[in-house]
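Please look over the sequence and model shown here before reading the notes that follow.

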Amino acid sequence: MKISKGLLLGGIILCSVQQVIAQSFTETALLFSRTQSGGSARIQGMGGAQIGLGGDYSSGYSNPAGLGMYNRSEFAFTPAINFSNVSADYLGQNSNASKSTLNIPGLSLAFHNGDLKLKGLQGGTFSISYSRLNDFNRNLIYNGTNPDNSIIDYFIEDATGDTPDQFKNGGDLYNTPTELAYNNYLIGEATILDPSFSNTEYFTDVAGIPNQHEKIETRGSQNQWNFSYGANFVDKVFIGMGVGLASIRYKSKKVYTEDFVNEPLSDLLLEETLEIRGSGINATFGAIIKPVDFIQFGVSATTPTAYQLTDVYSATMNTAWKNFEYLPGEFINDESAKTDAINSEYPLKTPWKFSAGVA
C-alpha cells in the first residue's frame, strides 16, 4: 500500500512516497516523531537538504546558524496545495481514494541587525517562523470478499476467557468494539446453546462469507513555531539556537462494514473516531563553518520534543437483522450500541535529532 502525493509550491511540483501507518500508541509515537521537510519552496525543492545552507527562514527550524547569513530583514511565506492518492489492494480487489488540501507549510518574520560592535561579530538575525512538519489529510478505502474469516471471529476470540460481567461498567471489555458486538447480538455466551457450557466461551449465529469494506479518513497536521537567533562571525563561522513550540492536531474516522447473503444478519457497521491534540517544546542548536568561499559545513542538534497529548476515542456499531429469533419469543431487527467518549492523557517524548550537511 502506498501514497503518491504531489505538492505544488509556487510553481514547483514535488513528488514523494509515504507509508500508511496504522493506529496504536506505539505507531502514534512513530507517526509524530517522523517529520517532513517543511519551510520555503526553495528548501522543499531540495528535499530539505539545508543543514549547510543559510539565508532562508527554514533555517529557524533545521539549523538556526543559517539565520546568521541574512543581510536584511524580511517577511516571507509559502502557500501550497497537497494532492494525495492512495491505492489499496485487498484480497485481489483494488480501490483508490484521493484528497486535496490547501495549506501554508511555512512563514517567517526575520529581524536583521548588522550594526553590532562586538569584536568579530558582524551581525545577527532573530526570526519567528512557522513550519508544517506533517500533513495528515488523506483517505483510504479497501474492500473484498473474505472466504476465511469475519470480524465476528475476532470478537469471539477477544471475549473468550471473560465472563459476560466483563462487558459491564468497570469490566475489561467495557467500552470496546467487542462489547458493542455483544450488545448487538453478534456474539453470545455459549450457555445460551447449552447450560453445561462454560460462560467464558462464546458463539455466533452468523457463519457466512462476508463482503468487507472500510473507509479511513485522517485529518490534521503537526506544526511548530520557532523563535531562533543566528550570529555571523567574520563571514566564516555562524552559530545559532532556537526554541520550538510544537502542536499536533490529528483526527481519524474509520467506517468498517460487512455484508452477508443468506444469513440472519444483513450487515454490520462499526464506526470508530479518534482525535489527538497536544503541544510540546524543544530546542535546536547549530553551527556552520565556511573555511573557504565555495564550501560550507553545517551541523545541528534538536532536543527531544516533550509533548503532552490528549486523545478522545469513541465507537458506534449498528446491525441489521432479518427479524431473527435470537431467543424463544425474542426477535431482533435493527440493533445499535455505542461506547462512551474515552479520554486519555499521556506524555510523549520524541528522540534526539542530529543532522549534518555540506554545501
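**Briefing on the predicted model**

F126 is found in strand 5 (residues 121-135), where helices (H or I, at least four residues) and strands (E, at least two) are DSSP runs numbered from the N terminus. This is a predicted model, in which local features need pLDDT of at least 70 and side-chain atom pairs count only at pLDDT 80 or more, while totals for chains, interfaces and linings use all residues. Residues are numbered from 1 along each chain as its sequence is written, and side-chain values use heavy atoms, with hydrogens and water left out.

**Surface patch**

- F126 counts as partly exposed because its relative accessibility is 34%; buried means under 20% relative accessible area, exposed over 50%, and partly exposed in between (1.4 Å probe, protein chains only).
- F126 belongs to a nonpolar surface patch of about 1,100 Å², whose other members include F75, F77, W225, F227 and Y229.
- Patches are made of residues with over 30% relative accessible area and no salt bridge, like charges being joined within 9 Å and nonpolar side chains (Val, Leu, Ile, Met, Phe, Trp, Tyr) within 5 Å.
- At least two residues of the nonpolar patch come from each of strand 3 (74-90), strand 4 (93-113), strand 9 (211-233) and strand 10 (237-259).

**Interior**

- The largest nonpolar core has 45 residues, and those with the most contacts inside it are F32, I152, L186, I187, L268 and L309; such a core is a set of buried Ala, Val, Leu, Ile, Met, Phe, Trp, Tyr and Cys residues joined through side-chain atoms within 4.5 Å.
- Strand 13 (residues 306-327) gives the most to this core, contributing eight residues.
- Beyond its neighbours within four places in sequence, L268 is in contact (heavy atoms within 4.5 Å) with residues that include I151, I152, L186, Y256 and F260.
- Another core, of five residues, lies apart from the largest one, and among its members are Y57, L67, Y70 and A110.

**Salt bridges**

- The count comes to four salt bridges, each defined as a side-chain nitrogen of Lys or Arg within 4 Å of a carboxyl oxygen of Asp or Glu.
- R132 forms one of them with D135, with the closest N and O atoms 3.6 Å apart, and both R132 and D135 are buried.
- K215 and E217 meet through their side chains at 3.2 Å, N to O; K215 counts as partly exposed at 32% relative accessibility, as does E217 at 24%.
- E275 and R277 form a further salt bridge at 2.9 Å, N to O, with E275 partly exposed at 28% relative accessibility and R277 partly exposed at 44%.

**The chain as a whole**

- The secondary structure of the protein chain comes to five helices and 16 strands.
- The radius of gyration of the protein chain, taken over C-alpha atoms, is 27 Å, well over the 21 Å that the globule rule gives for 359 residues, so the chain is more spread out than a compact globule; the rule is 2.2 Å times the number of residues to the power 0.38.
- Along its principal axes, the C-alpha trace of the protein chain spans about 95 × 40 × 25 Å.
- Of the 359 residues of the protein chain, 47% count as buried.
- T302, in strand 12 (residues 295-302), is buried with a relative accessible area of 15%, and its C-alpha atom is separated by 42 Å from that of H213, 89 residues away along the chain.

Notes:
Accessible areas come from the Shrake-Rupley method with a 1.4 Å probe; for residues, only the protein chains shown count as cover.
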